[in-house]
Amino acid sequence: MDLPRAPRINPSILAADFVNMQAELARIATADFAHVDVMDNHFVPNLTFGPQMVERIQATSPIPLDVHLMITDPDRWAPEYAEIGAASVTFHLEAAADPVSLARRLRDIGARAGVAIKPGTPVEGLYSVLEEFDQILVMTVEPGFGGQGFLPETMPKLRALADEVRRRGSQVWLQVDGGISDATIEQAAAAGADTFVAGSAIYGADDIEAAVTRLRDRARAASLEG
Ligand SMILES: O=C(CO)[C@H](O)[C@H](O)COP(=O)(O)O
Ligand SMILES: [Fe+2]
């Protein structure tokens with residue numbers, strides 16, 4: 001698969017109409033990945049969908065899937081999403097028993113392996129294992145719900161991670177998720193993010209294609225300045 005170049009815009013279908021999913025996926029065809037939030041009502045206090053639904057989303061999506069697992073025991077469940085054919089599978093560091101082994105299993109199956117950290121989780125522990133991952137997701141809200149406000153206090157952590165990635169010459173993608181909009185994407189891009197999840201800012205727009213293009217343009221301009 002040819003991978004999309006940065007800056008990547010991944011609409012979160014958490015903000016889509018769940019009973020019109022096929023049409024909602026068609027509306028984001030010009031974006032880079034469809035971001036799929038899997039929540040188990042245990043790791044986070046909200047519930048979305050599981051592997052059966054993700055398999056149907058995968059079958060109908062015009063663009064590859066970026067699965068964000070907000071679940072307990074990803075060591076047990078994450079490989080199933082890679083088996084379905086998701087291009088990228090991201091699990092939470094806080095929930096994983098053995099993050100490096102799990103990332104290796106995901107890659108062996110053929111998915112990109114991602115690890116996510118909540119706003120309060122330090123990132124330094126990942127520095128020595130950057131090469132084990134294809135994507136690091138720095139959450140910019142507390143995971144669980146769409147439509148929350150962006151937390152600017154996560155930016156120093158992202159900036160430090162981006163510096164470390166550059167220093168090590170790593171190719172890992174740096175993703176942000178939560179509260180990303182026209183008003184916040186520039187800060188995140190300037191701090192070093194190259195992959196941007198946006199739910200309400202995209203599905204809440206009158207013209208989705210224009211919203212995707214605008215977010216991408218803003219991120220590109222800000223990353224050059226950052
Ligand atoms: O992982 C998530 C929440 O846990 C979602 O991907 C995120 O919240 C996207 O929604 P919005 O852009 O509306 O904040
Ligand atoms: Fe997400």
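Predicted model: local features only at pLDDT ≥ 70, side-chain atom pairs only at ≥ 80, totals over all residues.
Residues are numbered from 1 along each chain as its sequence is written, with chains lettered from A and ligands numbered from 1 in the order in which they are written. Local features need pLDDT of at least 70, side-chain atom pairs count only at pLDDT 80 or more, totals for chains, interfaces and linings use all residues, and side-chain values use heavy atoms, leaving out hydrogens and water.

**View 1. Meet the iron ion (ligand 2) and its protein donors.** His35 (NE2), Asp37 (OD), His68 (ND1) and Asp177 (OD) lie 2.0 to 2.3 Å from the iron ion; donors are N, O and S atoms within 2.8 Å of the metal (3.2 Å for Na, K and Ca), and water is not among the atoms, so sites may look incomplete. The six donor atoms make angles of 72 to 174°, and the site is octahedral (six donors, opposite ones over 155 degrees apart and all others between 65 and 115).

**View 2. Asp37 and Asp177 link distant parts of the chain.** Asp37 sits in strand β2 (residues 34-39) and Asp177 in strand β7 (residues 173-177), 140 residues apart; strands are DSSP runs (E, at least two residues), and helices are runs of H or I, at least four. Both aspartates are buried (under 20% relative accessible area, 1.4 Å probe, protein chains only).

**View 3. Strand β6 (residues 135-139) is largely enclosed, because five of its five residues are buried.** Gln135, Leu137 and Met139 point one way, Ile136 and Val138 the other. Five bridges join β6 to β7 in parallel (strands pair if DSSP finds at least two bridges), and Met139 partners Asp177 in β7.

Definitions and conventions: Tetrahedral: all angles 85-135°; square planar, octahedral: opposite > 155°, others 65-115°. Buried < 20%, exposed > 50% of the residue type's maximum accessible area, 1.4 Å probe, protein only.
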